[in-house]
Amino acid sequence: EALCAMNDHRISKEGVIVIKSQSFRSQDKNRAEAIERLVNMVRAAAKVEKPRRATKPTRASQRRRVQRKVQHGEVKRLRGRVQGE
């Protein structure tokens, strides 16, 4: 089920997996390489991703962010026209 859910061009809509190997002149070596790729594909599908846990930013990081915004705004404010005397 997880294998069919993978968005991979080698899996057809019917769920047929097509792995092609033409690296070697020997059919046995090509078959072994194709089987190895199939095993890697199954392992990748079986791997369970741990869910991301949402966290709050620290107060110090919030303060640094606001300070950077204030500095950037100041730089942009100073880009205006120069007033003649």
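**Burial, salt bridges and charge**

Student: Why is D28 called exposed?

Tutor: The relative accessible area of D28 is 57%. Exposed means over 50%, buried under 20%, and partly exposed in between (1.4 Å probe, protein chains only). So D28 counts as exposed.

Student: What sort of model is this?

Tutor: This is a predicted model, where local features need pLDDT of at least 70, side-chain atom pairs count only at pLDDT 80 or more, and totals for chains, interfaces and linings use all residues. Residues are numbered from 1 along each chain as its sequence is written, and side-chain values use heavy atoms, leaving out hydrogens and water.

Student: What makes D28 and R31 a salt bridge?

Tutor: The N to O distance between their side chains is 3.9 Å. The rule asks for a side-chain nitrogen of Lys or Arg within 4 Å of a carboxyl oxygen of Asp or Glu. The pair therefore qualifies. R31 is partly exposed at 45%.

Student: Why are D28 and R31 about one helical turn apart?

Tutor: Because they sit three residues apart in helix α2. A helix here is a DSSP run of H or I with at least four residues, numbered from the N terminus. Helix α2 covers residues 27-46.

Student: How many salt bridges are there by this rule?

Tutor: Three. One of them joins R37 and E33, again at 3.9 Å, N to O. These two lie four residues apart in helix α2, about one turn.

Student: Why is R37 called partly exposed?

Tutor: R37 has 29% relative accessibility, so it falls in the partly exposed class. E33, at 24%, is also partly exposed.

Student: What makes R77 and E74 a salt bridge?

Tutor: Their closest N and O atoms are 2.7 Å apart. That meets the cut-off, so the bridge counts. Both residues are in helix α3 (residues 59-77), three residues apart. R77 is exposed at 56%, whereas E74 is partly exposed at 36%.

Student: Why is N30 called buried?

Tutor: N30 has 11% relative accessibility, so it counts as buried. Contact means heavy atoms within 4.5 Å. Not counting residues up to four places away in sequence, N30 touches S21, Q22, S23 and F24.

Student: How do you know that L38 is partly exposed?

Tutor: Its relative accessibility is 33%, so L38 belongs to the partly exposed class. L38 is in helix α2. Beyond its neighbours within four places in sequence, L38 contacts I17 and I19. L38 and L3 lie 35 residues apart in sequence and 11 Å apart in space, C-alpha to C-alpha.

Student: Which residues gather in a patch of positive charge on the surface?

Tutor: R64, R65, R68 and K69. R64 is in helix α3. Patch members have over 30% relative accessible area and no salt bridge, with like charges joined within 9 Å. Lys and Arg count as positive. The place of a charge is taken as NZ of Lys or CZ of Arg. Accessible areas come from the Shrake-Rupley method with a 1.4 Å probe.

Terms used: Patch = residues over 30% accessible without salt bridge, like charges linked within 9 Å, V, L, I, M, F, W, Y side chains within 5 Å.
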